[in-house]
Amino acid sequence: MVVKVLDRRKMIFVNGVLLALLTLSMVACTLLGPVHLDLSRALRDLSFANPDAEILFRARLPRVLLGVAIGGGMAACGVVLQALLGNPLACPQMLGVSGGASLGGILGLILFPNWLLPIAGGLLGEISWVPLAAFLGALCSMTLVYRFSLFHGRLHPYHLLLSGVIFNSFIAAVIMFLNSIIDFYQAQGLLFWLMGSLSTRAYLTVAFIWAYISFGFLWLWAKGLSLNLITLGEEAAMQLGVETGALQRQIFIASSLMIGAMVSVSGMIGFIGLMIPHVMRLIVGSDHRLLLPASFLAGGIFLCWADTLARVLLAPAELPVGIITAFFGGPFFLFLLYREGRKALTL
Amino acid sequence: MNPAIQTRDLSFAYQDRLVLHDVSLSVDRGEMIGILGPNGSGKTTLLKIFSAVLHGQGAVKINDRDIETYGRRDLSKLFAVVAQESRVNFPYTVAEVVLMGRASYHSAFALEGKKDLEIARASMELTDCLLFANRYLHELSGGEKQRVMIARALAQEPEILLLDEPSAFLDLKHQVQVFELLRRLNRDRGLTIVAALHDLNLASLFFPRLVMLRDGKIYRDGSPQEVLTEATIEEVYGIRVRIEQDPVSEKPQLFICPSL
Amino acid sequence: MKHFQRLITLHLLTAGLFVLCNSAFVAHAASTPRSQRIVSLAPSVTETLFALGFGNRVVGVTTYCDYPAEARKLPKIGGFMNPSLEAVVAKRPDFVIGVSSATDPVKAREMERLGLKVTLISLASVNDILSSIKSIARLLGSPEAGEKLVDKITLQFDEIKKRVASAPRRTTLLAVGLRPLVVVGGKNFINELIFLAGGENIAGNADQPWLNLPDEYVVAKAPQVIIEAGMGSERGDSAKHWGDLKSIPAVREHRVYAYQSDKILRPGPRIGEGLEEIARLVHPECFAEAKRGVNKGNGCEGPRP
């Protein structure tokens, strides 16, 4: 009988299809929006006094590019965290890193309302204090959660999960406390951190995030086989040749750094890291060597469209994109679960 | 002789509780040993120390080299472990699980090659689970899962096979099948086998050497006739039994004497 | 018969006395207002109370009440959205005045249950603001003060309307936050101020009073004036935020103003001055002083700075 396993053909096919879909999505989402874009006019006169060119290249394209990187990064982190914690309910929010980043960003917003650094302006866009403060917050919470979960040189998934969740709850309380003492106008900024937004024009930021996420993703992809083994259980993985202690530490740090960077730039866009890995598992299987790139690409596609919807749904107002990901992601996932439930794991 | 596994004065403690006391054991290449003892006597701990999951006090040598000097990948090519039960939280097919046994034999970046597939296939055939190669692991019964785990262990092409109560969830037919398979592997391929067992009669039939543990110490070490005596059973397990030699196999068999 | 007549007269006399006494009482009340203790639950209410001349009766304000200067010295009863119930009650106020869209309605009901007289005014539109000034004045027994203040503000409005009447309407964006971009939408009194100032709010067609706006919308609507009225906008730096979108007329012609002002943002008695501030930013040419003698025609031919 034919034994179905992961082979090169499947890898190339699945990733190829997803890559094509991603490219199409990127093109479509750049052309779609609450405002009508005249493409020919946009391309004809690329000087910066052309509103169509500015809409295309300054307002939309950076968002789409950022969306792909963050959607992919969140999905990839979701995959590895579910493997690391051995828990299919794990998601990037659970490590406490995103909470730390949000808190750092909110404090930055409150304490430094002058949010533009002198390094600013022009083509590459402004860099501000707030994302840096957020990233600092992410690093602090990552260190704290790490310290609390380290036992005899090993990161126990159980402790990691617990301390991450508790840390997040604590941070949420602090954020709500801040919410009650800040004024109305600062409260709008708070929503950005809690629900996310891809609003950006700074190509420098986008390029930085792309480089960062790509590097992180490729590094995680190389660990695909070890991730497979670690989902068999810590002991089984050790007996199959994996240095589980080192792997756990490395995955935790890598994903924390990725999540910290993403949340610093776009706020907490939830649900992608939880849902996309499961969706892709139902479609392409649990082998992480395929699941990781497939989830990365699917996450990019998903967030691209979610951002477009966020811009279009209540035009001219822009919804926080985190609302869209949860609102549309949830039912779609439930539908898929209903159809393919047989393949889903039994806990 | 070049002993496959050798321990000297091995001790291990979980927090403050001493689980193994000064265990000195030598397993030769190609030996087939059954480790016996009631629950909590240290059987599982001993196997975990052999496979370097736990580290105890005292020397453990594999092929005359200290176990600490081995890298995990190398160890996984020497040892294969079949645990008592396995919980896999994600949906994998049987074939995928068995193929994971080949992980140490190819680069982390490459997909499995033809040789890996052939070996996996052969392992599944040996353990009679090729038929459900494409089914999901979590859909199988406990016994079927156990056979898959044995197949995965065999796919590792180990020199030493460690099994923790391999017949725990198997029905009678498969219990016998597994033990017959182990004996065949031991005889035909020279696989060193160390198994923690709870069924004393099957242990007696299939394992030429038995090691009885009691409270973390070796109580008896020898052939089934030497180890399985009425006095020993009463002393270690706390129950009275009647031992008779089976005329066909010439091995001692237990008959339980319950108080009626 | 005589008995009946006597009864009628008695009734009439009693009734007459009753009416006389009551009117006397009313007249008495009107001419000598008793001392009233007022707690304000919003900065705009505090400003209104002081502007109406009731500043000496205010016994409690929020931590955000910073105008006029005397208000800052008054005892604080909590924040804007969450006043402290105990602090309010401790002041034994005769009147508690809050804002219907901002004050916590649960707290308001609690205060009423404790016997306090709570009034929530609506400040959603310019009309609401003006009528709320009148109703506060009436509530506190000096309706003329309210009429006078509203007349003063209306005069300010008329003056500005006249000034900008001849100038062409300019598309305007008024932002209160930059990261993310939060702007004034429709159904917002500031939206009306922009209109009165001779501007046209590019987000004025939105249903929400405040909204996040995507950058592409700003580019497409090409506002001629951008006003950043929010916290933290430093004059000079804000232009950098828009610097790369040169197709926007406001950016090209350097009409991005960082102008943090409570007069614009607070729905209180200073909206007349706030209107002037907005008008000066939207139509600076209409405010050029006629130093060179006669104010030609309608006055909006001043040099565009």
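Contact here means heavy atoms within 4.5 Å. The model is predicted, so that local features need pLDDT of at least 70 and side-chain atom pairs count only at pLDDT 80 or more, whereas totals for chains, interfaces and linings use all residues. Residues are numbered from 1 along each chain as its sequence is written, chains are lettered from A and ligands numbered from 1 in the order in which they are written, and side-chain values use heavy atoms, with hydrogens and water left out.

**Figure 1. Overall make-up of chain C.** Of the contacts in chain C between residues at least 6 apart in sequence, 59% join residues at least 24 apart. The secondary structure of this chain comprises 13 helices and 10 strands; helices (H or I, at least four residues) and strands (E, at least two) are DSSP runs, numbered from the N terminus. Of the 305 residues in chain C, 50% are buried, where buried means under 20% relative accessible area, exposed over 50%, and partly exposed in between (1.4 Å probe, protein chains only). The accessible surface of chain C is about 14,800 Å², with 57% belonging to carbon and sulfur atoms; accessible areas come from the Shrake-Rupley method with a 1.4 Å probe, and for residues only the protein chains shown count as cover.

**Figure 2. The interface between chains A and B.** Two pairs of chains touch, and the most contacts are between chains A and B. Chain A contributes 39 residues to this contact and chain B contributes 38 residues. About 3,600 Å² is buried between the two chains, 59% of it from carbon and sulfur atoms; buried area is the accessible area (1.4 Å probe) that two parts lose on being put together, summed over both. In chain A, the residues that lose the most area to chain B are A:M1, A:L232 and A:Q239, together 19% of what that side buries. By contrast, chain B and chain C share no contact, and their closest C-alpha atoms lie 40 Å apart.

Figure 3. Three salt bridges are counted between chain A and chain B, a salt bridge being a side-chain nitrogen of Lys or Arg within 4 Å of a carboxyl oxygen of Asp or Glu. A salt bridge joins the side chains of A:E235 and B:K48 (2.8 Å, N to O). Between chain A and chain B, 10 residue pairs are in polar contact (both at pLDDT 80 or more); this term denotes a pair of N or O atoms within 3.5 Å, where within protein one must be able to donate a hydrogen and the other to accept it, and residues adjacent in sequence count only if both atoms are side-chain atoms. On the side of chain A that touches chain B, the elements giving two or more residues are α1 (8-31), α3 (51-85), α9 (224-230), α10 (234-239) and α13 (288-312) of chain A. The largest share of that side, four residues, comes from α10(A).

**Figure 4. Helix α1 of chain B.** Seven of the eight residues of α1 (residues 43-50) of chain B are buried. These are B:K43, B:T45, B:L46, B:L47, B:K48, B:I49 and B:F50. After α1(B) comes B:A52, with a positive phi near 65°.

**Figure 5. A buried salt bridge in chain B.** The side chains of B:E31 and B:R209 form a salt bridge (2.8 Å, N to O). B:E31 lies in the loop between β2 (17-28) and β3 (32-36) of chain B and B:R209 in strand β9 (residues 209-214), the two being 178 residues apart. Both B:E31 and B:R209 are buried.

**Figure 6. Two salt bridges in chain C.** C:R170 and C:E285 meet through their side chains in a salt bridge (3.0 Å, N to O). C:R170 belongs to strand β5 (residues 170-177) and C:E285 to the segment after α13 (271-282) of chain C, so the pair ties together parts 115 residues apart in sequence. C:R170 and C:E285 are both buried. In the second pair, the closest N and O atoms of C:K263 and C:E277 are 3.4 Å apart. C:K263 is partly exposed at 24% relative accessibility, whereas C:E277 is buried at 11%.

**Figure 7. Surroundings of C:S142.** C:S142 lies in the loop between α6 (126-139) and α7 (143-164) of chain C. With 14% relative accessibility, C:S142 counts as buried. Beyond its neighbours within four places in sequence, C:S142 is in contact with C:F54 and C:A137.
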